[in-house]
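The structure comes before the notes.

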Amino acid sequence: MGDTGFAFFDDWDSIIIGGGIVGCFAALRLARARQRVLIVEGDFVGSAQSGRNLGFIRKQGRDLRELDLAREAGEAWQALAEQSGSDFGFRRDGNMALADDDDLAGRFEIWAREAQARGLDTRVLTPAEAVELVPGLKIGFKSALYTASDAKADPFPATCAAYEAARAAGAQIITGRRVDEILTEGGRATGVRIGNRRLRAKAVICTAGAGTGRLLRRLGITFPQDVIRATVVRTAAPDGTDFPALAPELSRPGIWGLNIGVRQSVDGSLHMSNAGGVYVPGLRSLGSLRWFLPLFLEKRHQLSIDWLGPLAFWRRFGDQAGYPSAAPHRDHPDPSPRFMREAFDELAQMFPDYAAKARILNLWSGDIENTPDLLPAVGPVAKVGNLLVGSGFSGHGFGVGPAAGEALAEIALGDQARDSLSELSPDRFANGTWSRGEFAL
Ligand SMILES: Cc1cc2nc3c(=O)[nH]c(=O)nc-3n(C[C@H](O)[C@H](O)[C@H](O)COP(=O)(O)OP(=O)(O)OC[C@H]3O[C@@H](n4cnc5c(N)ncnc54)[C@H](O)[C@@H]3O)c2cc1C
């Protein structure tokens, strides 16, 4: 996809680092404003998180400080779906989370009250009401949190649709080349360096996903970031054929079960992923542990540590098991057999008839980049002028990414920052004003 060659021009209005969903939406907004915009993507569009995620576009359960951005993103998704001319599986089919204990059920009540006070269509459902919406649901639970206006989409085609729209509006791209350095002069970003080549820009927008921390650290900007490797399983049709379109409708809403998320795609296949994942320690862990230790301890039941991971370049579980992965990736992260089994176990409780016949069509994993407060960092940084950051989406960026990209583009165009960014400043880590959300589920 796109151009693999080198950009013809050296001077740009904006250079965007990273062709994920955030970068593509930023590029789309800037190109429509007739800016000369270049995306520099180290691999290919959608190769990292944006093409490998579960595909939930949800507001419910989010930290309330992220809610306005999530709401704006719903509109951005809707507009892309209407304008792009391609069906990337965007459907406002709702999202449902299940609680099997009183504590979580109580938190659902609180979250729903807070959300309703902010005008959201979130409700708490009884099990009978939930089963009316998803008749095949067999797992036992006490209550469900449901937001009808939440949505879903197929991640890789969706990211490609955003990119194609940006291209059509005039954005250009370099793929397969990484930005080595963000260039600065007199405390302002002036462009990027790729190998020996320097490209200049009036604004640099860093939407490099898991690559952002490294680029910002070179500039002395505090941006704590670490990754958890999550596994996604895509099932074939229940009759065992490779034609998922034959699968009956199991669930229109995306479902957060007890430990797994399940989304049925428009082609009928189910996409499943567990809460949590595998932590692969590395040199970066030395720096990130002081930021992330409380979070790791809190989530330890959802994590497994792969101590040998950094050495396991020879291990290719996905290939060995014969399951083609979603999309080839330079880092080729291994899916976890444990999380795959656990996902199937819970699927068997949710939809036993389906699970008895289902088999795996694809299996892949992706590195979810997190911040210590599990909130994205979107906006300018005090230390370096003309530099905008949109990263640290902590497992929410497919849903909220479009609004973040648009909001960054507006700042680059000279507009005032949206109110929805007020609590998401990238500077909160440097100035110590970050905190974990009270209500996030
Ligand atoms: C398994 C999984 C399930 C998820 N499920 C959901 C979900 O259901 N709903 C949801 O909202 N979110 C989900 N997420 C999170 C979501 O996918 C991300 O938050 C979102 O895609 C982030 O988008 P991005 O554009 O910021 O980053 P990315 O998609 O990671 O894109 C960043 C890009 O930058 C490139 N890059 C990095 N460094 C450089 C460099 N130096 N030079 C040039 N390019 C560079 C990378 O190659 C990459 O393509 C999930 C993530 C995973 C992995």
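Helices (H or I, at least four residues) and strands (E, at least two) are DSSP runs, numbered from the N terminus. Helix 4 (residues 102-117) includes Ala 117. The model is a predicted one, in which local features need pLDDT of at least 70, side-chain atom pairs count only at pLDDT 80 or more, and totals for chains, interfaces and linings use all residues. Residue numbers start from 1 along each chain as its sequence is written.

**Exposure and backbone**

- Ala 117 counts as exposed because it has 9 C-beta neighbours inside 10 Å; a residue is exposed with 12 or fewer other C-beta atoms within 10 Å of its own, buried with 20 or more, and partly exposed in between, with C-beta atoms placed from the backbone.
- The C-alpha atoms of Ala 117 and Val 40 are separated by 41 Å, and the two residues lie 77 residues apart along the chain.
- In helix 12 (residues 397-412), 14 of the 16 residues are buried, so the helix is mostly covered.

**Helix 1 with helix 6**

- The axes of helix 1 (residues 21-32) and helix 6 (residues 155-168) come within 8 Å and cross at roughly 25 degrees; axes are lines fitted to C-alpha atoms, for helices over the stretch in contact, and angles run from 0 to 180 degrees between N-to-C directions.
- Helix 1 is therefore roughly parallel to helix 6, where angles under 35 degrees count as roughly parallel, over 145 as roughly antiparallel, 65 to 115 as roughly perpendicular and the rest as oblique.
- Residues in this contact (C-beta atoms, placed from the backbone, within 7 Å) include Phe 25 and Leu 28 of helix 1 and Tyr 163 of helix 6.
- The contact residues of helix 1 with helix 6 comprise 10 nonpolar, one polar and no charged; Ala, Val, Leu, Ile, Met, Phe, Trp, Tyr, Cys and Pro count as nonpolar, Asp, Glu, Lys and Arg as charged, and the others, Gly among them, as polar.

**Helix 3 with helix 6**

- Helix 3 (residues 67-84) packs on helix 6 at an angle of about 70 degrees, with the axes 10 Å apart.
- Helix 3 and helix 6 are therefore roughly perpendicular to each other.
- Leu 80, Gln 83 and Ser 84 of helix 3 meet Ala 161, Ala 162, Glu 164 and Ala 165 of helix 6.

**Domains**

- An automatic or database domain assignment divides the chain into domain 1 (1-91 + 149-224 + 372-441) and domain 2 (226-370).
- Contacts join 24 residues of domain 1 and 23 residues of domain 2.
- On the domain 1 side, helix 2 (residues 49-52) gives the most, with three residues.

Definitions and conventions
Two residues are in contact if their C-beta atoms, placed from the backbone, lie within 7 Å.
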